[in-house]
Number of protein chains: 2
Amino acid sequence: MNIERNIKTIIVKKPLKLDCGKTIENFPIAFETYGDLNLKKDNAILVFHALTGDQFVTGINPITKKEGWWSYAVGPGKAIDTNKYFVICSNVIGGCMGSYGPSHINDKTKKIFGTDFPVITINDMVNAQYNLLEYFGIKKLFSVTGGSMGGMQVLQFISNFPNKSKTVIPIATTSSHSAQNIAFNELGRQAITADNNWRDGTYNSNNTNPSKGLAVARMAAHITYLSKKGLQEKFGRKLQEREDLKFGFDADFQIESYLRYQGSVFVDRFDANSYLYITRAMDYFDLAKQFKGNLSDAFKETKAKFFIISFTSDWLYPTQENKDIVIALNSIGADVGFVEIESDKGHDSFLLDVPDFLNALKNFLNKSYLEN
Amino acid sequence: MNIERNIKTIIVKKPLKLDCGKTIENFPIAFETYGDLNLKKDNAILVFHALTGDQFVTGINPITKKEGWWSYAVGPGKAIDTNKYFVICSNVIGGCMGSYGPSHINDKTKKIFGTDFPVITINDMVNAQYNLLEYFGIKKLFSVTGGSMGGMQVLQFISNFPNKSKTVIPIATTSSHSAQNIAFNELGRQAITADNNWRDGTYNSNNTNPSKGLAVARMAAHITYLSKKGLQEKFGRKLQEREDLKFGFDADFQIESYLRYQGSVFVDRFDANSYLYITRAMDYFDLAKQFKGNLSDAFKETKAKFFIISFTSDWLYPTQENKDIVIALNSIGADVGFVEIESDKGHDSFLLDVPDFLNALKNFLNKSYLEN
């Protein structure tokens, strides 16, 4: 285990064959843990992060100096109680927080990969992360969970490793990326590659950065994370530090200023090529297709207990897409619970202080833990 | 009347004071007409175009050589029957199809305006177009209609000129741009201004064109014009001329290819600065605010007959926002009809072959015409 710049990593020595056909080996996986692994090693929860997340789930992220992305849900006494559970989270491969990705050096060329990095899939991400179980000597996880792309990894994980988790909690996710989801991701990719500074992905070697394009991609995505109603209630037509419209192109409205801010802070912490790779992995995700169109077959080998959570105002991964997973599980008599949480906060609900959600998550985990 | 490159224009000599405080005069308004004005001059319908529309409503657009944007609705025997009605449509000021806009020469500096063009509003657009009534000697229009931003102009027109139209048909629109609408427009503007070739709006003088940024703006907007369900049914996860995923960043999915195409054809016909100005006008639109928050007051002077049309799958200007207009009209006892059309085609429904919509439009017009 190396520790460099607050990032813990394992180097995976054994070769991993990727879906694209290429094989990677001796590659780093960066991870973080919270709480303590008990003696029986049966209290571990593997958390999977979403598109722009990382391994720093809770507390202060040592790189960005901001709160971890799931601070509302994970921590001492919280829904995922780190006094009780051992939480592991790793940066996905393709990412930019220490795990093997496009900003790493290509051993063969000694240059930064850029778009020479292999296109990876959700399946590849999950197979890479499986190495952490071996590293910690965990035979079976207590739970796997995550929202959005994290939820996709949850579904893929239990499909690949049906006996490796007692419980399974996919949140605000889908078993197959829809045309609209692909469209929004493609929009983000086009914004990045339209930036002259992207330079066919070689910006790192050229000391440039497609930050304008990446900011636009982030703004587009950010709109999809919030609900129309939530935006209206929070921002409406409120003006940004002015009495009236200015008849210009500065940010007159608070929503404009907010979006610009979201774009500008994002580029400081995220790599444009990683954005391309990770959105591509999401778009490629189609679990049913892996089982000749029968989603139920993805889960037929597992005895795990499922709990699926969706949010009323999530229009990116709406309740119906979450229900499709429930239906597939029900049709094979799996142990599955489902709750749709009332929230105006859109897709982002899973990251926010939504008490009904946090309580549901906490209660499911605690009840399942008592059955341990 | 000048005719240059198939574009008919009037030059408005008298000064028009804009909402921003500036005054314009001797400015061109480009327009097109279809059908014949009858002797009583009581069969004219003023059609207002949407964000990226122009005066070429139906038939082949002489500039783009493609079908006019409302060819399904307007023409001989169609809902807006040009055998019966005299249809007038003009390019909005701020636009790029002949009416006064940012690509015109600033008389004072002898340079292309760019972002020196005054910021215009929906109110300014409507006041400019009113000159066409005087030009044609029309005392009262038979109808004013349009969808999306066209619908905003419809509402503003009847508010400004309560006795100047017998009927009023706002379609798929809103009386006030929502935070989500502003957010998507701001995204488009950011995409344009992020393009190095935009050069603070002086690209015309520099022989460059921010076509990549404008294409991204168009892609973003295009996604909002279609419904999630419609996209799923039309594209789903269908692949673009390939047997399987290619594990690269080319367009694997048809939806990606479609969006790229929409972006690329748009930049050939639209001006980036006009996109900035027109989206700004939409964002500034808040009819209730003009009447101290009471939308009903916008309509209290008119005796016109209203017919408001919305579409079930339109999430950009959803039925509720159209209903808010109906409610405001009902509360002052106005003559108002309303229909919500079942369609999976999203906001674009008003431009497409949606028979229930076209029939409703036709029947309302014909019935009202018989009462003439």
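In the predicted model, the crossing of helices α5(B) and α7(B) is right-handed. The axes of these two helices come within 8 Å and cross at roughly 125°, an angle that makes α5(B) oblique to α7(B). On the side of α5(B), the residues B:Leu214, B:Ala215, B:Val216, B:Arg218, B:Met219 and B:His222 take part in the contact, and they meet B:Leu259, B:Gln262, B:Gly263, B:Ser264 and B:Phe266 of α7(B). Sorted by class, the residues of this contact comprise 6 nonpolar, 4 polar and 1 charged.

The crossing of α4(A) and α8(A) is left-handed, whereas that of α5(B) and α7(B) is right-handed. The residues contributed by α4(A) are A:Ile182, A:Asn185, A:Gly188, A:Arg189 and A:Ile192, which meet A:Ala272, A:Tyr275, A:Leu276, A:Thr279, A:Met282 and A:Asp283 in α8(A). The contact of α4(A) with α8(A) is made up of 6 nonpolar, 3 polar and 2 charged residues.

The relation between the two chains was considered next. Chain B can be laid on chain A by a turn of 180° with a shift of 0.0 Å along the axis, and the RMSD of this superposition is 0.0 Å; that is the relation of a two-fold axis. The same surface serves both copies, in that 100% of the contact residues of chain B recur in chain A.

The contact between the chains takes 43 residues from chain A and 43 residues from chain B. On the side of chain B that touches chain A, the elements giving two or more residues are α4 (179–194), α5 (211–225), α6 (228–234), α7 (254–266) and α8 (272–284) of chain B. Of these, α4(B) provides the largest share, with 11 residues. In terms of class, this side of chain B has 23 nonpolar, 10 polar and 10 charged residues.

Helix α1 of chain B, which spans residues 122–129, is largely enclosed by the rest of the structure, because 8 of its 8 residues are buried. The buried residues of α1(B) are B:Ile122, B:Asn123, B:Asp124, B:Met125, B:Val126, B:Asn127, B:Ala128 and B:Gln129.

Backbone geometry was also examined at two loop positions of chain A. A:Lys110, which is not a glycine, has a positive phi of about 60°, and this residue lies in the loop between β10 (105–106) and β11 (111–112). A:Lys110 has 7 C-beta neighbours inside 10 Å and therefore counts as exposed. A positive phi, near 55°, is likewise found at A:Phe247, again a residue other than glycine. A:Phe247 is placed in the loop between α6 (228–234) and α7 (254–266) of chain A, and with 18 C-beta neighbours inside 10 Å, A:Phe247 counts as partly exposed.

Notes. Residues are numbered from 1 along each chain as its sequence is written. Chains are lettered from A and ligands numbered from 1 in the order in which they are written. This is a predicted model: local features need pLDDT of at least 70, side-chain atom pairs count only at pLDDT 80 or more; totals for chains, interfaces and linings use all residues. Copies are superposed by least squares on the C-alpha atoms of residues with pLDDT of at least 70 in both. Two residues are in contact if their C-beta atoms, placed from the backbone, lie within 7 Å. A residue is buried if 20 or more other C-beta atoms lie within 10 Å of its own, exposed if 12 or fewer, and partly exposed in between; C-beta atoms are placed from the backbone. Helices (H or I, at least four residues) and strands (E, at least two) are DSSP runs, numbered from the N terminus. Ala, Val, Leu, Ile, Met, Phe, Trp, Tyr, Cys and Pro count as nonpolar, Asp, Glu, Lys and Arg as charged, and the others, Gly among them, as polar. A crossing is left-handed if the near helix is turned anticlockwise from the far one by less than a right angle, and right-handed if clockwise. Axes are lines fitted to C-alpha atoms, for helices over the stretch in contact, and angles run from 0 to 180 degrees between N-to-C directions. Angles under 35 degrees count as roughly parallel, over 145 as roughly antiparallel, 65 to 115 as roughly perpendicular and the rest as oblique.
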